[in-house]
Amino acid sequence: MPSKKIKRVGILTGGGDCPGLNAVIRGVTKPALDNGLTVLGILDGFEGLVEGKAMELYNKDVSGILATGGTILGSSNKGDPFHWPEEVDGKIKIINRSKEAMRNYDAWNLDAIIAIGGDGTMHISHQLSQMGMNVVGVPKTIDNDLDATDLTFGHDSAVYVVAEALDRLHTTASSHHRVMVIEVMGRYAGWIALNGGLAGGADVILIPEIPFDWEAIYDKVLMRNMMGKRFSIVCVAEGAKSKDGTMIMKGKDIKRTDPIQLGGIGEYVAKKISENTGLETRYTVLGHLQRGGSPTPFDRILSTKFGTQAIQLAIKGQFGKMVALKGNEIKSVRIVDAIAKQKLVKKTDQGVLAAKAVGVCFGTKDL
Ligand SMILES: Nc1ncnc2c1ncn2[C@@H]1O[C@H](COP(=O)(O)OP(=O)(O)O)[C@@H](O)[C@H]1O
Ligand SMILES: O=P(O)(O)OC[C@H]1O[C@](O)(COP(=O)(O)O)[C@@H](O)[C@@H]1O
Ligand SMILES: [Mg+2]
């Protein structure tokens, strides 16, 4: 049976922002308008859907945003309709506001929503699909931890920032004969540390998937020193942990479905190296610099392909699907399958093998 012709589509960006979101919004909106659809930009992710915050998008709104960072729609990693925190008598109570989300969807006369986000956004999209909402997903996250796509947009831009930072740290590390530790993002996945470390020539890369031995790190930096290489660069993922330790948290935000805020491992690793090797050590936390600014050309292209394919799926009535990169092709997968598995670094990944082959230490002798 041919699918009902859609006339009006909503678009939102959920979760942590990243470079390329605006390129996707443009990639969806331009062809949608050309096909006679109207487009409603929902503000601040699912928060806007629940609270009724939106604006019409016209050609002028998406003109000139291909290369701009952030999202013109705003984003939020708190507004989960199914897990909405509300303060009652000074205490946080979790309530379900999904019916209000459905009500706004109907009140706005939407035939579909394009939801751009990561695992959290896709979880919510799946739940809303089950309630009858037509959703098409677009995978974003600097972390690259969605298994259903070979790459998420935003990752390449984050890796570019890490590589540039490592280049800069190299020159000062070399001048002062220091160990430089850099903490990068990625949550429970080590992709940013692995790919950024590879691109920036790190000597040690520490990732959550490969718990490390302290001794292996000390040996590596001391050995380099003995060989006359009087500086070392250690690239550590925020979720990395030692074999005898746990991930280090900098805080908790109970308003979020995953309340854990990672951070602090860089400082800790630097302190331990300094205490146990006697080498002068400094640390840098790259933080949100990895998520800000203009997308790389690679991410602009991927985002544009994702956006244009997503609106095509919606026009064809292919709901409950997420666009995905498979090899060089943009395909689609079911959102329910996309949230089934997190993509983590495996010890056998070519990036790990290549890093090992050029002498990178992962803080373990077990590899
Ligand atoms: N496993 C989950 N199931 C349902 N909702 C989630 C889950 N993880 C996160 N969320 C919610 O999804 C939204 C976005 O999640 P977040 O992880 O910040 O961004 P992303 O969409 O990039 O993964 C937040 O409102 C968060 O509370
Ligand atoms: O900006 P916040 O709320 O501190 O979140 C930081 C987290 O968001 C990220 O930058 C990106 O995660 P998402 O893409 O899943 O939102 C993680 O690498 C990091 O742990
Ligand atoms: Mg997430």
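Predicted model: local features only at pLDDT ≥ 70, side-chain atom pairs only at ≥ 80, totals over all residues.

Me: Where do I begin with empty space?

Reply: Rolling a probe the size of a water molecule over the atoms shows where empty space is left. Here the largest pocket holds about 1,100 Å³ of space.

Me: How many residues line the largest pocket, and which lie nearest its centre?

Reply: The lining has 46 residues. G16, N77, D119, R187 and R256 lie nearest the centre. Helix 4, strand 8 (179-184) and strand 12 (260-262) are the elements that give two or more residues to this lining. Helix 4 gives the most, with six residues.

Me: What is the lining of the largest pocket like by class?

Reply: Count the classes. The lining has 21 polar, 15 charged and ten nonpolar residues.

Me: Which space does ligand 1 take?

Reply: Ligand 1 takes the space of the largest pocket. Ligand 2 is also assigned to the largest pocket.

Me: Which residues come nearest to ligand 1?

Reply: Start with the shell. It has 15 residues around ligand 1, and N77, D119, T121, K140 and T257 come nearest. Helix 4 (residues 119-130) gives the most to this shell, with five residues. By class, the shell around ligand 1 has ten polar, four charged and one nonpolar residue.

Me: What polar atoms face ligand 1 from the side chains of D119, T121 and H123?

Reply: Take them one by one. A side-chain N or O atom of D119 is 2.4 Å from an oxygen atom of ligand 1. For T121, a polar side-chain atom lies 2.5 Å from an oxygen atom of the ligand. In H123, a side-chain N or O atom is 3.3 Å from a nitrogen atom of ligand 1. On its own, ligand 1 has 540 Å² of accessible area, and the protein covers 82% of it.

Me: Now ligand 2. How many residues surround it, and which are closest?

Reply: Ligand 2 is surrounded by 14 residues. T141, D143, E238, R256 and H288 are the closest. Its shell divides into six charged, six polar and two nonpolar residues.

Note on methods. Residues numbered from 1 in each chain as written. Chains lettered and ligands numbered in written order. Heavy atoms only, no water. Near = heavy atom within 4 Å. Polar contact = N/O pair within 3.5 Å; in protein donor to acceptor, adjacent residues only side chain to side chain. Areas by Shrake-Rupley, 256 points an atom, 1.4 Å probe, with all protein chains shown as cover. 1 Å grid on protein atoms, 1.4 Å probe; cavity = no way out; pocket = protein on both sides within 12 Å on 5 of 7 lines; lining within 4 Å. Sits in = over half its atoms within 2 Å of the grid points. Helix = DSSP H or I, 4+ residues; strand = E, 2+ residues; numbered from the N terminus. Nonpolar A, V, L, I, M, F, W, Y, C, P; charged D, E, K, R; others polar. Points joined across faces, edges and corners; volume = space filled by probe spheres on them.
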